[in-house]
Amino acid sequence: MEIVSQSGDPTIDALLGPGLCGRTAPGAYAGRCGYGPRLPLLVISPLARANFVDHTLTDQSSILRFIEDNWDLGRIGNRSFDAMAGSLLNMFAFTGRRTPGTLFLDPETGQLAAP
């Protein structure tokens, strides 16, 4: 697990345990030890790249970064992690052929099923 932001109060570090989130950083928010635990991310969209597994390092704030970038909203600021978040753009194919819009999966096996 990579620590990209040390906590401002090592006594309340919940991710790794008290005092285990690096050195206390001046001006850091208390308890913001990141990156956190890995989370799976599944992109479901007609624009998602088909049969593709992306290995880009992302976190929860990557979704926020995608929204900010896609609609040209700018960053939240105030030391929010969206400024350093990995991009989700590699998971999409904005040009070329689109993935079919309707997908039916067998409820028992999860395999592709006929409609």
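What percentage of the 115 residues of the protein count as buried? The share is 19%. The model shown in these views is predicted.

**Figure 1. The protein as a whole has one helix and zero strands.** The helix, α1, spans residues 60-70. The accessible surface of the protein comes to about 8500 Å². Carbon and sulfur atoms account for 57% of that surface. Among contacts between residues at least 6 apart in sequence, 47% join residues at least 24 apart.

Figure 2. The buried residues of α1 are Ser 61, Ser 62, Arg 65, Phe 66 and Glu 68. An α-helix has 3.6 residues a turn, so residues three or four places apart point the same way. Just after α1 comes Asp 72, which takes a positive phi of about 50°.

**Figure 3. Ser 61 is a buried residue of helix α1.** Its relative accessibility is 13%, so Ser 61 counts as buried; the cut-off is under 20%. What does Ser 61 touch, not counting residues up to four places away in sequence? The contacts are with Phe 81, Asp 82 and Ala 85.

**Figure 4. Phe 66, Phe 92 and Phe 94 form a cluster through ring pairs.** The structure holds two aromatic pairs. In one of them, the ring centres of Phe 66 and Phe 92 are 5.1 Å apart and the planes are at 15°, so this pair is stacked. Phe 66 belongs to helix α1 and Phe 92 to the segment after α1, so that the pair links parts of the chain 26 residues apart. The rings of Phe 92 and Phe 94 are also stacked, because their planes are at 15°, with centres 5.4 Å apart; planes under 30 degrees apart count as stacked. Phe 94 is partly exposed, and its relative accessible area is 45%.

**Figure 5. Arg 65, Glu 68, Asp 69 and Arg 75 are linked in a network of salt bridges.** Side chains of opposite charge can pair when their charged atoms come close. The structure holds three salt bridges. Asp 69 meets Arg 65 in a salt bridge with an N to O distance of 3.6 Å. These two residues both lie in helix α1, four residues apart, which is about one turn of the helix. Asp 69 also meets Arg 75 through its side chain, at 2.9 Å, N to O. The side chains of Arg 75 and Glu 68 make a salt bridge at 2.8 Å, N to O.

**Figure 6. Arg 49 lies over the face of Phe 52.** How far is Arg 49 from the ring centre of Phe 52? The distance is 3.8 Å.

Conventions: Residues numbered from 1 in each chain as written. Predicted model: local features only at pLDDT ≥ 70, side-chain atom pairs only at ≥ 80, totals over all residues. Heavy atoms only, no water. Buried < 20%, exposed > 50% of the residue type's maximum accessible area, 1.4 Å probe, protein only. Contact = heavy atoms within 4.5 Å. Phe/Tyr/Trp six-rings, centres within 6.5 Å; stacked < 30°, edge-to-face > 60°. Lys NZ or Arg CZ within 6 Å of the ring centre and 35° of its normal. Areas by Shrake-Rupley, 256 points an atom, 1.4 Å probe, with all protein chains shown as cover. Salt bridge = Lys/Arg side-chain N within 4 Å of Asp/Glu carboxyl O.
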